[in-house]
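Me: I am new to this structure and would be grateful for a close look at one part of it. Please describe that part and its surroundings in one connected account.

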Amino acid sequence: MDWGKQNRIDRIIKPDTGKTVMLAVDHGYFMGPTTGLEKLDAAVNPLLPYADTLMLTRGALRNYIDPGVDIPITLRVSGGTSILNQEALLHEGATCSIEDAIRLNASCVAFSILVGADYERDTILTFAEIIDEAQAYGIPTLCVTAVGRDMVRDARYMALASRLGAELGADIIKTYYVDGFEKVTESCPVPVVIAGGKKIPERDALQMARNAIDAGAIGVDMGRNIFQSEDPVAMIQAVRAVVHDGASVDEAYELFESRKAAV
Ligand code: R5P
């Protein structure tokens, strides 16, 4: 692999553990001021020491994050529809050029493909163009797989969408944890991370992360279950313990409770 691309990947997927905790705060690209991210800088700054990469849009990066910060950036480069337009929601296109991603010193670019949706062809072909452009500059790509309206969110669908993203040329796949997740990781030739999804109790989110790692995921790209936690700093440390240190759910939850109590 190209030196620059490998260097960028190694900044995100830590070579000593082969794992990553990606902090996703890109929700505003289709949801606007998401609960917990109204003041994105205030929410994110205390979490940065515990994240391996920060996933967000170029507008959030430029407006909320200090350029002196020492964290690799995973830049979301797809969008185009909002949560207000459910009909069109599954029809994303490119929202940022690779040139601007380079200007922002992005370590990775993220794009959603909408396998099974009406407009899947548009999203898949546009992502292929993004991969070509990113590849030319040694920038890795993260393929976000989402759920089409008529697709059942199960291991068969996630395996299909994940493998499709890898065959397109993505370097990392982001998908959702489902029962039988080994089917997804075992049939995907590139690393897989899971999104967190809607906020659930902290212990359940830690259990989901544990299950995903045990089933072959190399980490999480988690947002709401961290920044909407009753204690986001304690929660990201607990998630980190699961991902990087092999902590059990009990150990991680105990860590969450103790760090929470320490405040
Ligand atoms: C969705 O496509 C966005 O990229 C989010 O970043 C992603 O869903 C991860 O965030 P959460 O853990 O809140 O689901």
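Reply: Val21 stands opposite Val220 in strand 10, in a model that is predicted. The two residues belong to a pairing in which strand 1 and strand 10 (residues 219-222) run parallel, joined by 4 bridges. Strand 1 also pairs with strand 2 (residues 53-56), again in the parallel sense, over 3 bridges.

How many of the 5 residues of strand 1 are buried? In strand 1 (residues 20-24), 5 of the 5 residues are buried, so the strand is largely enclosed by the rest of the structure. In a regular strand, side chains alternate between the two faces of the sheet. Here, Thr20, Met22 and Ala24 point one way, while Val21 and Leu23 point the other way, and all of them are buried.

Part of the surroundings of strand 1 is helix 11, whose buried residues pack against strand 1, strand 10, helix 9 (202-214), helix 10 (224-227) and helix 12 (249-262). Helix 11 covers residues 232-245, and its 14 residues should span 20 Å at 1.5 Å a residue; the end C-alpha atoms are 19 Å apart, which agrees. Because 10 of its 14 residues are buried, helix 11 is largely enclosed by the rest of the structure. The buried residues are Ala234, Met235, Ile236, Gln237, Ala238, Val239, Ala241, Val242, Val243 and His244. Just after the helix, Gly246 takes a positive phi of about 70 degrees.

One is Tyr176, which lies in strand 8 (residues 172-176). Tyr176 and Ala146 are 30 residues apart in sequence, yet their C-alpha atoms are 8.2 Å apart in space. Leaving aside neighbours within four places in sequence, Tyr176 is in contact with Thr145, Arg153, Met158, Phe181, Ile194, Ala195 and Gly197.

Rolling a probe the size of a water molecule over the atoms shows where empty space is left. The second largest pocket holds about 250 Å³ of space. Its lining comprises 8 nonpolar, 1 polar and 3 charged residues. Among the residues that line this pocket are Arg11, Arg62, Asp66 and Asn105, together with Leu61, Ile65, Pro67 and Leu104.

Definitions and conventions:
Residues numbered from 1 in each chain as written. Predicted model: local features only at pLDDT ≥ 70, side-chain atom pairs only at ≥ 80, totals over all residues. Heavy atoms only, no water. Contact = heavy atoms within 4.5 Å. Buried < 20%, exposed > 50% of the residue type's maximum accessible area, 1.4 Å probe, protein only. Pairing = 2+ DSSP bridges. Expected span 1.5 Å × (residues − 1). 1 Å grid on protein atoms, 1.4 Å probe; cavity = no way out; pocket = protein on both sides within 12 Å on 5 of 7 lines; lining within 4 Å. Points joined across faces, edges and corners; volume = space filled by probe spheres on them. Nonpolar A, V, L, I, M, F, W, Y, C, P; charged D, E, K, R; others polar.
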